[in-house]
Amino acid sequence: MRIHLALRRHVVPLLLAVGLVLTASATAHPATPRPVPLRVATYNIHAGAGEDEVFDLDRQVRALRSLDADVIGLQEVDVHWGERSQWRDLARELAHRLGMHVAFAPIYSLDPEPAAGTTPPRREFGVAVLSRHPVLRVRNHEITRLSTQGENPLPEPGPGFLQATVAVRGIPLDVYATHLDYRPDPAVRAAQVADMLRVMDRPCPFRCPAHLLLGDFNARPDAPELTPLWATLRDADPGAPTFPASAPDRRIDYVATSAGIDLRRARTAPTGIASDHLPVVADLHLTRR
């Protein structure tokens with residue numbers, strides 16, 4: 001018993017001293033959080049059809065799988081829209097076949113066509129986000145739209161600006177997917193850019209997550225209507241055009257990043273004519289803020 005007591009008198013103070021040294025060292029040199037790698041992409045899937053106008057979802061699944069992306073923004077997504085995509089739910093089917101979570105935001109949501117003895121789903125067309133990481137929240141924001149579904153439309157607020165908050169290894173990330181107006185007159189796109197910035201700059205109850213903006217902007221990088229975006233976002237320039245797929249001569253597809261995201265590299269992906277666009281793929285590092 002005397003031996004044990006004697007050892008205790010020497011060992012306990014020694015352990016306390018070591019603990020104090022380690023605590024002081026950790027306080028003086030706090031661990032730097034490691035950045036979290038993330039591969040993202042944006043792809044206009046042309047309602048499941050290739051540049052040859054042939055609907056072939058198997059071909060698009062192969063193209064999407066080849067990107068090996070953790071998060072993908074999709075444009076021109078049909079959900080029970082019509083014969084061109086065989087009345088299928090492309091958002092849900094692509095997610096299932098790729099083993100990913102999905103968020104979908106309709107730009108148009110129309111009454112179904114009459115069918116005897118059945119209750120068909122609504123006809124919808126819009127944008128989507130596929131994610132390997134859990135989707136925590138989905139919102140479908142309105143921005144200015146000039147509808148393609150009626151005669152003599154006027155610019156007015158309409159849905160289809162998707163915000164999907166995903167959890168990337170414990171880090172919340174707001175992923176926005178968009179498809180801007182295609183017409184030569186840039187006025188509607190300019191209004192859409194202003195609307196998107198207002199949505200993305202909304203105050204948060206706590207610290208706002210970093211965010212990505214993925215989409216088909218239907219404008220070149222130097223277009224004046226896009227200039228306000230580059231004041232707060234970084235263009236992940238792939239250094240190559242994205243449209244049309246077989247002989248691209250202009251870039252209209254974008255990955256844009258906010259603060260808190262470190263861009264490592266960006267590129268276009270050679271997916272052939274699975275769509276009339278080429279995807280943009282970007283390798284990023286997220287930092288804990």
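Reader: Aspartate 78: buried or exposed, and why?

Author: Buried means under 20% relative accessible area. Aspartate 78 has 0% relative accessibility, so it counts as buried. Keep in mind that this is a predicted model.

Reader: Where is aspartate 78 found?

Author: It lies in strand S2, residues 71-79.

Reader: Which side chain does aspartate 78 join in a polar contact?

Author: That of arginine 84. The two side chains are joined by a polar contact of 2.8 Å.

Reader: What else does aspartate 78 touch?

Author: Leave out residues up to four places away in sequence. Aspartate 78 then touches Ala47, Arg84, Ser85, Arg88, Asp89, Leu90, Ala91, Glu124 and Phe125.

Reader: How do I read a strand in general?

Author: In a regular strand the side chains alternate between the two faces of the sheet. Then look for its partners. S2 and S4 run antiparallel, joined by seven bridges.

Reader: How many bridges join strand S3 to S4?

Author: Nine, and this pair also runs antiparallel. S3 covers residues 101-110. Take leucine 110: its bridge partner in S4 is arginine 123.

Reader: Why is S4 largely enclosed?

Author: Count its buried residues. S4 spans residues 123-131, and nine of the nine are buried, so the rest of the structure largely encloses this strand.

Reader: Now a helix. What should I look for?

Author: An α-helix has 3.6 residues a turn, so residues three or four places apart point the same way. Now turn to H4, residues 187-200. Helix H4 has 14 residues and reaches 20 Å from its first C-alpha to its last. That is close to the 20 Å expected at 1.5 Å a residue.

Reader: Which residues of H4 are buried?

Author: Val188, Arg189, Gln192, Val193, Asp195, Met196, Leu197, Val199 and Met200.

Reader: What do the buried residues of H4 pack against?

Author: Four strands are listed here: S5 (135-145), S6 (156-168), S7 (171-179) and S8 (210-216).

Reader: And the whole chain? What does its secondary structure come to?

Author: Four helices and twelve strands. The chain has 289 residues, and buried ones make up 48% of them.

Notes
Residues numbered from 1 in each chain as written. Predicted model: local features only at pLDDT ≥ 70, side-chain atom pairs only at ≥ 80, totals over all residues. Heavy atoms only, no water. Helix = DSSP H or I, 4+ residues; strand = E, 2+ residues; numbered from the N terminus. Expected span 1.5 Å × (residues − 1). Buried < 20%, exposed > 50% of the residue type's maximum accessible area, 1.4 Å probe, protein only. Contact = heavy atoms within 4.5 Å. Polar contact = N/O pair within 3.5 Å; in protein donor to acceptor, adjacent residues only side chain to side chain. Pairing = 2+ DSSP bridges.
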